[in-house]
Amino acid sequence: RVLCGLASSAITTASRWLFWLMGIMFAMVGLFEIASLKQAAMRKGKHVTRVYKSMARITFAAWAVYPFLWILGLGAKIVASDLDIIGMAVVDVLLVVGFGLSLAGATNVLSSNASHETRGLADNSSGPSFSGAGLMGDDLGDLEDNL
């Protein structure tokens, strides 16, 4: 997605629209992947689901704005490049701040689970045990449950 955006910005001929379109298709794949994680978040409980939904909304909103900014700026040159750069920077900052606020809200979830996790580690002198499918299966297996 990013490389397609870079190519569409660097190319000055009409073929840049092809790279823009490919970037949009890659972004759609990413958005579908994010949406597919909803069930996994719901299995983890209401707090994780709330954080997932918040971060997914922020991502969907920001990724929906980027193509329009590109069309207005580099694509059709309706707005000056300075305004295009400022618009992209504003969306980037809002995305990072939104993620930060979502994660800061998630600290309540993490801190409420911390006492449970600490008790589990104190009872097991060898540290956390990892079983199950591991990183490639069942939503990261037991690894994420023990972190």
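Guide: From the N terminus on, the elements of this protein chain run α-α-α-α-α-α, and the model that shows them is a predicted one.

Visitor: How many helices and how many strands does the protein chain have?

Guide: The protein chain has six helices and zero strands.

Visitor: What makes S102 count as buried or exposed?

Guide: S102, whose place is in helix α5, residues 81-123, has a relative accessible area of 10%. Buried means under 20%, so S102, at 10%, is called buried.

Visitor: Why is V79 called partly exposed?

Guide: V79, found in the loop between α4 and α5, has a relative accessible area of 25%. Since buried means under 20% and exposed means over 50%, the value of 25% lies in between, and therefore V79 is called partly exposed.

Visitor: Which residues is V79 in contact with, once its neighbours within four places in sequence are left aside?

Guide: V79 is then in contact with L72, G73 and D84. The C-alpha atoms of V79 and L69, which are ten residues apart along the chain, are separated by 9.2 Å.

Visitor: What span is expected of α4, and what does α4 reach?

Guide: With 30 residues, α4 reaches 42 Å from its first C-alpha to its last, which is close to the 44 Å expected at 1.5 Å a residue. Just after α4, K77 takes a positive phi of about 55°.

Visitor: Which residues lie nearest the centre of the second largest pocket, and how many line it?

Guide: The second largest pocket is lined by 17 residues, and R1, G5, Y66, W70 and M88 lie nearest its centre. The elements that give two or more residues to this lining are α1 (2-10), α2 (16-36), α4 (46-75) and α5. About 380 Å³ of space lies in the pocket.

Visitor: How do the residues of that lining divide into nonpolar, polar and charged?

Guide: The lining of the second largest pocket divides into eleven nonpolar, four polar and two charged residues.

Visitor: What share of the protein chain is made up of buried residues?

Guide: Buried residues make up 24% of the 147 residues in the protein chain.

Technical notes. Residues numbered from 1 in each chain as written. Predicted model: local features only at pLDDT ≥ 70, side-chain atom pairs only at ≥ 80, totals over all residues. Heavy atoms only, no water. Helix = DSSP H or I, 4+ residues; strand = E, 2+ residues; numbered from the N terminus. Buried < 20%, exposed > 50% of the residue type's maximum accessible area, 1.4 Å probe, protein only. 1 Å grid on protein atoms, 1.4 Å probe; cavity = no way out; pocket = protein on both sides within 12 Å on 5 of 7 lines; lining within 4 Å. Points joined across faces, edges and corners; volume = space filled by probe spheres on them. Nonpolar A, V, L, I, M, F, W, Y, C, P; charged D, E, K, R; others polar. Expected span 1.5 Å × (residues − 1). Contact = heavy atoms within 4.5 Å.
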